[in-house]
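Reader: Please take me slowly through one part of this model. I would like to know what surrounds it and what kinds of residue are there.

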Amino acid sequence: MLILDLQREDIKYGLISEERFKKFEEKRKQIEDEIQRLRDTIIKPSNKVNEFLVKCETTPIDTGIKLSELLKRTELTYKNLSEIDEKRPYNLQKDIIKEVEIELKYEGYIKMQEQQVIRFKKLEEKSLKEEIDYEKIKGLSLEARQKLNRHKPTSVGQASRISGVSPADISVLLIYLEQNKRREKV
């Protein structure tokens, strides 16, 4: 979830009051429940539904679709989906509605960013020996060779942040490391 992740330890150390933590937990539960409801609710095609979608300048449907998928369309908002969402809870606060909409609309982007962070962490874990002579690695650009030799990064993650070292250079470096690893095993 996008909202901050509070823990019971935060209460223990006096960072947040018990009352405030309970309010936070309730808000988080409402957000999760509404997201789950939207994922579980399937809208079947009908004249009313398709007229609504055309009015919102988005593509009509010919098969059932989850409300969560409809909400991902740029032309639709949580608010205007109320016309076809018959089981919508009307007691949700504006900040909860906003959070639900953000979570679902940007879900794909958030997952991509999380995967990118995981890949980046893996690059940080791949260490580079100080004695590597980058001039001898075939496939690296001239600029990458010079800068890698000058900076002597300790990990592939560090190397990837050096200006002039391209993603292609990082790929070459990863292949080089893998080949060396195989040679050492033989």
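**The largest pocket**

Author: Fourteen residues, written 14, line the largest pocket, and Ser127, Lys129, Leu177, Asn180 and Lys181 lie nearest its centre. A pocket here is an open set of points on a 1 Å grid over the protein atoms alone, where a 1.4 Å probe fits, with protein on both sides within 12 Å along at least five of seven lines; lining residues have an atom within 4 Å of a point. The model is predicted, so local features need pLDDT of at least 70 and side-chain atom pairs pLDDT 80 or more, while totals for chains, interfaces and linings use all residues. Residues are numbered from 1 along each chain as its sequence is written, and side-chain values use heavy atoms, without hydrogens and water.

The volume of the largest pocket is about 360 Å³, meaning the space filled by probe spheres set on the points, which are joined across faces, edges and corners. Helix 9 (residues 167–185) gives the largest share of the lining, seven residues; a helix is a DSSP run of H or I, at least four residues, numbered from the N terminus. By class, the lining has five nonpolar, two polar and seven charged residues. Asp, Glu, Lys and Arg count as charged, Ala, Val, Leu, Ile, Met, Phe, Trp, Tyr, Cys and Pro as nonpolar, and the others, Gly among them, as polar.

Elsewhere, helix 2 passes helix 5 in a right-handed crossing, where the near helix is turned clockwise from the far one by less than a right angle. The residues of that contact (heavy atoms within 4.5 Å) divide into six nonpolar, one polar and six charged.

Technical notes: Helix = DSSP H or I, 4+ residues; strand = E, 2+ residues; numbered from the N terminus.
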